[in-house]
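Me: I have a structure open and would like a close look at one part of it. Could you take me through that part slowly and then set it in its surroundings?

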Amino acid sequence: MQSKWWKILGILLILYSIIGGLLFPVPQLNILNETIRNLYFHVTMWFSMIFLMLFSMIQSIRFLNGFDKTRDLKAEAYASTGMFMGLLGLLTGMIWAQFTWGTFWVNDPKLNGTAVTMLIYLAYFILRNSVENEDSRARVSAIYNILAFVMMIVFIGVLPRMTDSLHPGNGGNPAFGNYDLNSSMRMVFYPAVIGWILLGIWVAQLRYRVKTLEFNKENS
Amino acid sequence: MFHQVKELVLKDIRLNGRERNALYSMLLYVLSTSYVAYLSFEGVIDKNSWVALFWIIVLFAAMNACLQSFKKELNEQGLFFYTLANPRAIILAKTVFNSGLLIFLTLASYLVYSLFLGNPITANISFILCIILGSSALASVLTLISAIASKTNNNAGLMAVLSMPLLFPLLLNLIQTSQICLSQNNLFLAGNQLLFLALLNIASVLLSYLLFPYLWRD
């Protein structure tokens with residue numbers, strides 16, 4: 001992961017998605033109108049967050065297999081970057097909601113799932129800070145991280161499908177795949193998802209390296 | 001393994017029988033919160049708020065009940081337990097015991113609560129099923145969380161912070177299921193929700209089973 005090509009690829013894909021997202025033709029839909037372009041920025045944040053949380057959980061599992069300290073630092077870096085992506089997704093979503101649904105916040109299963117996810121990961125960071133012993137801190141937070149990820153998937157993946165939602169694809173609202181994510185939107189959307197995931201990994205790696213330097217400084 | 005689980009559950013039951021004030025204090029908690037709810041909501045409560053208030057009372061009672069689960073196991077005595085039993089047997093036994101305890105507590109609070117505030121539930125079988133599945137799901141999540149929280153300095157405060165977001169969707173699901181039980185006396189209408197509760201039970205028990213040994217070894 002030291003090589004540069006995927007970082008450059010990520011930046012290029014994001015640049016492409018910003019330019020393409022603002023200029024390429026989009027379907028004209030009622031209510032949504034031009035705000036549909038927010039799809040490239042709002043939904044991609046969630047994809048990026050989920051992937052970063054997944055990497056964080058994988059690092060936690062690998063930590064429990066051998067108790068290698070660096071894995072714990074990596075898990076923390078991925079989780080905090082994912083949290084930041086989630087915050088951006090929340091903000092873009094709130095702005096979008098203001099212009100389409102009329103309020104910044106509605107009582108919607110997906111929004112509840114998001115709020116819960118944020119709370120779960122905030123609790124994860126609080127847990128990390130409240131264990132003094134470093135060995136048991138790493139172990140306890142790895143366990144909570146795995147538990148948190150599984151529960152998060154249940155909340156945002158399973159629970160919204162059991163109830164109605166304002167979001168597309170639930171409770172009679174057709175999904176994007178059905179009618180409005182046409183081929184020209186896909187041309188921007190999928191590269192944007194990959195680009196933001198790559199950027200997220202890059203940021204997480206930088207954060208991990210800073211943490212490692214701090215860790216080494218404290219222990220030297 | 002199963003023999004160990006059985007013995008550990010019996011040990012917990014015997015310990016609780018010997019120190020009964022823990023159980024009495026939980027029952028008193030349920031009684032007094034129900035009475036507070038009665039004083040503040042009598043006459044003004046509608047069916048949906050009845051359900052929501054009931055599950056909130058149960059949630060806090062459950063958190064209180066599970067808070068001390070690992071008081072004895074994860075200190076010096078823990079080393080002794082470690083030589084005696086498989087950690088997986090310990091967590092399974094705790095989960096079984098806490099599930100039993102919470103099912104009993106929830107049924108007790110259902111009784112007390114409906115005594116004070118009336119009982120609008122029409123689908124009794126579904127609601128009892130919902131109580132049993134819901135309490136055991138609460139117990140299995142809270143048992144693992146209390147094991148995690150007992151490793152930290154701020155046990156009680158952290159327990160609430162860690163478990164509340166994890167239990168929030170479970171609580172929403174319980175409230176939804178109970179609201180279905182308010183209107184129709186049909187087992188199949190709440191079937192999907194009950195299935196979800198059962199799956200959540202299985203998932204959280206499986207996670208405790210897989211993760212607890214790592215927490216245990218220190």
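How many of the 26 residues of α2(A) are buried?

Reply: Happy to go through this with you. One thing to keep in mind from the start is that this is a predicted model.

Of the 26 residues of α2(A), 21 are buried, so the helix is largely enclosed by the rest of the structure. The cut-off behind that count is 20 or more other C-beta atoms within 10 Å. As for its geometry, α2(A) reaches 37 Å from its first C-alpha to its last, close to the 38 Å expected at 1.5 Å a residue.

Just past the helix, the backbone deserves a look. α2(A) is followed by Gly66(A), whose phi is positive, near 125°. Phe67(A) also has a positive phi, of about 55°, although Phe67(A) is not a glycine. This residue sits in the loop between α2 (39-64) and α3 (69-100) of chain A. Phe67(A) counts as partly exposed because 14 C-beta neighbours fall inside 10 Å.

Now for the chain around the helix. Chain A has six helices and zero strands, and its pattern along the sequence reads α-α-α-α-α-α. Of the 220 residues in chain A, 41% are buried. Among contacts between residues at least 6 apart in sequence, 75% join residues at least 24 apart.

Chain A also touches chain B, and the contact takes 23 residues from chain A and 22 residues from chain B. On the chain A side, α4 (109-130) and α5 (134-158) each supply at least two residues. The most comes from α5(A), with eleven residues. By type, the chain A side of the contact divides into 19 nonpolar, two polar and two charged residues.

The buried residues here are Met26(B), Val30(B), Ser34(B) and Ala37(B). They cover an arc of only 65° around the axis, which puts them on the same side of α2(B). The buried residues of α2(B) pack against α3 (47-67) and α5 (87-117) of chain B. On the other side of α2(B) there are exposed residues, among them Tyr24(B), Leu28(B), Val36(B) and Leu39(B). After α2(B) comes Gly43(B), with a positive phi near 90°.

Asn16(B) is found in helix α1 (residues 2-18) of chain B, and is partly exposed, with 13 other C-beta atoms within 10 Å. The C-alpha atoms of Asn16(B) and Ala149(B), 133 residues apart along the chain, are separated by 22 Å. Trp216(B) is in helix α8 (residues 191-216) of chain B and counts as buried, with 21 C-beta neighbours inside 10 Å.

Finally, a word on confidence. Chain A averages a pLDDT of 83, and 87% of the residues score at least 70. Over residues 171-175 of chain A, pLDDT stays under 50, and the model has nine contacts beyond four places in sequence for this stretch. Where pLDDT is low, the predicted coordinates should not be read in detail. For chain B the mean pLDDT is 85, and 92% of its residues reach 70 or more. Within chain B, confidence is lowest in helix α4 (residues 76-84), at a mean of 71, and highest in α5(B), at 91. The model as a whole scores ipTM 0.85 and pTM 0.86.

Terms used: Residues are numbered from 1 along each chain as its sequence is written. Chains are lettered from A and ligands numbered from 1 in the order in which they are written. This is a predicted model: local features need pLDDT of at least 70, side-chain atom pairs count only at pLDDT 80 or more; totals for chains, interfaces and linings use all residues. Helices (H or I, at least four residues) and strands (E, at least two) are DSSP runs, numbered from the N terminus. A residue is buried if 20 or more other C-beta atoms lie within 10 Å of its own, exposed if 12 or fewer, and partly exposed in between; C-beta atoms are placed from the backbone. Two residues are in contact if their C-beta atoms, placed from the backbone, lie within 7 Å. The arc is that of the directions from the helix axis to the C-beta atoms. Ala, Val, Leu, Ile, Met, Phe, Trp, Tyr, Cys and Pro count as nonpolar, Asp, Glu, Lys and Arg as charged, and the others, Gly among them, as polar. pLDDT is the predictor's confidence in each residue, from 0 to 100. The expected span of a helix is 1.5 Å times one less than its number of residues.
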